[in-house]
Structures are given as structure tokens and as C-alpha cells.
Amino acid sequence: MARKHVNLGRAPAKVDLPSKVCEACRRPFTWRRRWARDWASVRYCSDRCRDGRP
Ligand SMILES: [Zn+2]
């Protein structure tokens, strides 16, 4: 049997980062380091969405 190491109910190596849905494009986006200080007030995924213009 060539059974490789299986992940048995263990959390993935990646940290589960918080996420939100952009109010402009309705797309989910995850926490970024640049938002570390004001994540609570972040509502858009990018500067473009925050401007509300393409
Ligand atoms: Zn967006």
C-alpha cells in the first residue's frame, strides 16, 4: 500500500484569516496585512471599489 501521509481532521497549515464581502463588487476578500490596524472599518476589497468608480 502506497498510502501517503493523510491529513486527519487537522487544521490546515494556513491560518484561517477573517474575511468580508466587498460592498462595491460583492466579492469576498480576506484580511491583509495593510488592513491590520483598521480591519473593522474596511468595507471594500480595493482602492478602486472604495472610490466607487471603475
Ligand atoms: Zn471590491
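**Notebook: around R27**

I began with contacts: leaving aside neighbours within four places in sequence, R27 is in contact with V21, C22 and C45. I count two residues as in contact if their C-beta atoms, placed from the backbone, lie within 7 Å. The model is predicted, so I note that local features need pLDDT of at least 70 and side-chain atom pairs count only at pLDDT 80 or more, while totals for chains, interfaces and linings use all residues. Residues are numbered from 1 along each chain as its sequence is written.

Next I placed R27: it sits in the loop between strand 1 (19–21) and strand 2 (28–30). I take strands (E, at least two residues) and helices (H or I, at least four) as DSSP runs, numbered from the N terminus.

I also checked a pair 17 residues apart along the chain: the C-alpha atoms of R27 and Y44 are separated by 9.1 Å.

Is R27 buried or exposed? R27 is exposed because it has 12 other C-beta atoms within 10 Å. My cut-offs, with C-beta atoms placed from the backbone, are 20 or more others within 10 Å for buried, 12 or fewer for exposed, and partly exposed in between.

Then I turned to R26, which lies in the loop between strand 1 and strand 2. R26 counts as exposed too, with 9 C-beta neighbours inside 10 Å. Most residues other than glycine have a negative phi.

Last, I zoomed out. The protein has one helix and two strands, in the pattern β-β-α along the sequence. Buried residues make up 2% of its 54 residues.
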